[in-house]
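Trainee: I'd like to learn how to read a few local features. Can we take them one at a time?

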Amino acid sequence: EMHPLDIGIVMPDRQYSVFFSDVRVPAERLIGEEHEGFRYLFDALNSERLLAAAWALGVGDYALAKAVEYARERAPFGTAIGAYQGIQHPLAMAKAKLDSARLVMYTASQSFDAGGNAGYLANTAKLLASTAAVEACDAAIQTHGGYAFDNGYDVHTLWGIARLLK
């Protein structure tokens, strides 16, 4: 059975809860070794973890770019808010974390492409990238202040996507 989920985030695909009941697989249809399906499933998810890491990094990079642009332009008292360390430091930290996560993702992707055991690295890449993306989105929201929740700035919508990937 497939039940569509009503996800409140706009994504290019649909999400479902999938249930298998009373499913029997004839021996001639078995792929791999019997009783190893769970391990196969987790190995198969490595490519999805890498995709999620890449997606998270893209969202984080986009949020950070929006924050940097806004910090350069917003000058309520004649000086751009990006001139202040209180704005600069969270954005710099977000950039460092995104770049660090990207390096792990590249390493994991190389291992996966080479047929290696990429499980640990794929998990680590997804964890670091999604955490960095959430922090980048949070920094972008903080930089924009109340304008982060103005639909015209398209900042608040990014946090939900990043958080979902985490």
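Trainee: Which backbone oxygen lies 2.8 Å from a polar atom of the side chain of T143?

Mentor: Some ground rules come before that: this is a predicted model, where local features need pLDDT of at least 70, side-chain atom pairs count only at pLDDT 80 or more, and totals for chains, interfaces and linings use all residues. Residues are numbered from 1 along each chain as its sequence is written, and side-chain values use heavy atoms, with hydrogens and water left out. As for your oxygen, it belongs to the backbone of A139.

Trainee: Is T143 buried or exposed?

Mentor: Buried means under 20% relative accessible area, exposed over 50%, and partly exposed in between (1.4 Å probe, protein chains only). T143 has 7%, so it is buried.

Trainee: What does T143 touch, leaving aside residues up to four places away in sequence?

Mentor: Contact means heavy atoms within 4.5 Å. On that basis T143 touches A67, Y70, A71, I81, I87 and L91.

Trainee: How many aromatic pairs does a search of the whole structure find?

Mentor: A pair of aromatic rings is described by the distance of the centres and the angle of the planes. Rings of Phe, Tyr and Trp (its six-membered ring) pair if their centres lie within 6.5 Å; planes under 30 degrees apart count as stacked, over 60 as edge-to-face and the rest as tilted. The search finds four pairs. For Y70 and Y153, the centres are 5.7 Å apart and the planes at 85°, so that pair is edge-to-face.

Trainee: Which residues do ring pairs link into a cluster?

Mentor: Y70, Y147 and Y153. Y70 counts as buried at 8% relative accessibility, while Y153, at 30%, counts as partly exposed.

Technical notes: Polar contact = N/O pair within 3.5 Å; in protein donor to acceptor, adjacent residues only side chain to side chain.
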